[in-house]
Amino acid sequence: MTLADDRLPARARNRRVHMANERTFLAWIRTSIAVMAFGFVVERFGLFVRQFTTLVGRR
């Protein structure tokens with residue numbers, strides 16, 4: 001905390017901490033959704049590779 005933060009009323013400091021916690025929580029949610037989407041893409045790519053090798057193997 002800086003010297004300017006010491007002059008803020010307690011309610012404003014609590015609001016600032018609450019908003020910082022909310023930003024962190026939203027960052028975790030955004031990261032988890034991105035990881036799930038990446039897993040979905042990897043799974044679909046695996047399916048594509050499996051079908052492609054089956055198609056190429058028939059010729």
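Where is isoleucine 29 found? Isoleucine 29 sits in helix H2. I'll come back to that residue.

Some ground rules. This is a predicted model, where local features need pLDDT of at least 70 and side-chain atom pairs count only at pLDDT 80 or more, while totals for chains, interfaces and linings use all residues. Residues are numbered from 1 along each chain as its sequence is written, and side-chain values use heavy atoms, with hydrogens and water left out.

The overall picture. The chain has two helices and zero strands. Both terms are DSSP runs, numbered from the N terminus: helices are H or I with at least four residues, strands are E with at least two. Helix H2 covers residues 10-58.

Now burial. Of the 59 residues, 2% count as buried. Buried means under 20% relative accessible area, exposed means over 50%, and partly exposed is in between, with a 1.4 Å probe and protein chains only. The accessible surface of the chain is about 5,800 Å². Carbon and sulfur atoms account for 67% of that surface. The areas come from the Shrake-Rupley method with a 1.4 Å probe, and for residues only the protein chains shown count as cover.

Next, the rings. The structure holds two aromatic pairs. Phenylalanine 45 and phenylalanine 48 have ring centres 6.3 Å apart and planes at 35°, so this pair is tilted. The cut-offs: rings of Phe, Tyr and Trp (its six-membered ring) pair if their centres lie within 6.5 Å; planes under 30 degrees apart are stacked, over 60 edge-to-face, the rest tilted. Phenylalanine 45 and phenylalanine 48 are three residues apart in helix H2, about one turn. Phenylalanine 45 is exposed, at 54% relative accessible area. Phenylalanine 48 is partly exposed, at 48%.

Phenylalanine 48 also pairs with phenylalanine 52, and that pair is stacked: 6.0 Å centre to centre, 25° between planes. These two are four residues apart in helix H2, again about one turn. Phenylalanine 52 is partly exposed, at 47%.

With Phe25, Leu26, Ile33 and Met36, Ile29 makes a nonpolar surface patch of about 500 Å².

Last stop, threonine 53. Threonine 53 is in helix H2 and is partly exposed, at 48%. The threonine 53 side chain reaches the backbone oxygen of arginine 50 at 2.9 Å.

That's my tour.

Terms used
Patch = residues over 30% accessible without salt bridge, like charges linked within 9 Å, V, L, I, M, F, W, Y side chains within 5 Å. Salt bridge = Lys/Arg side-chain N within 4 Å of Asp/Glu carboxyl O. Polar contact = N/O pair within 3.5 Å; in protein donor to acceptor, adjacent residues only side chain to side chain.
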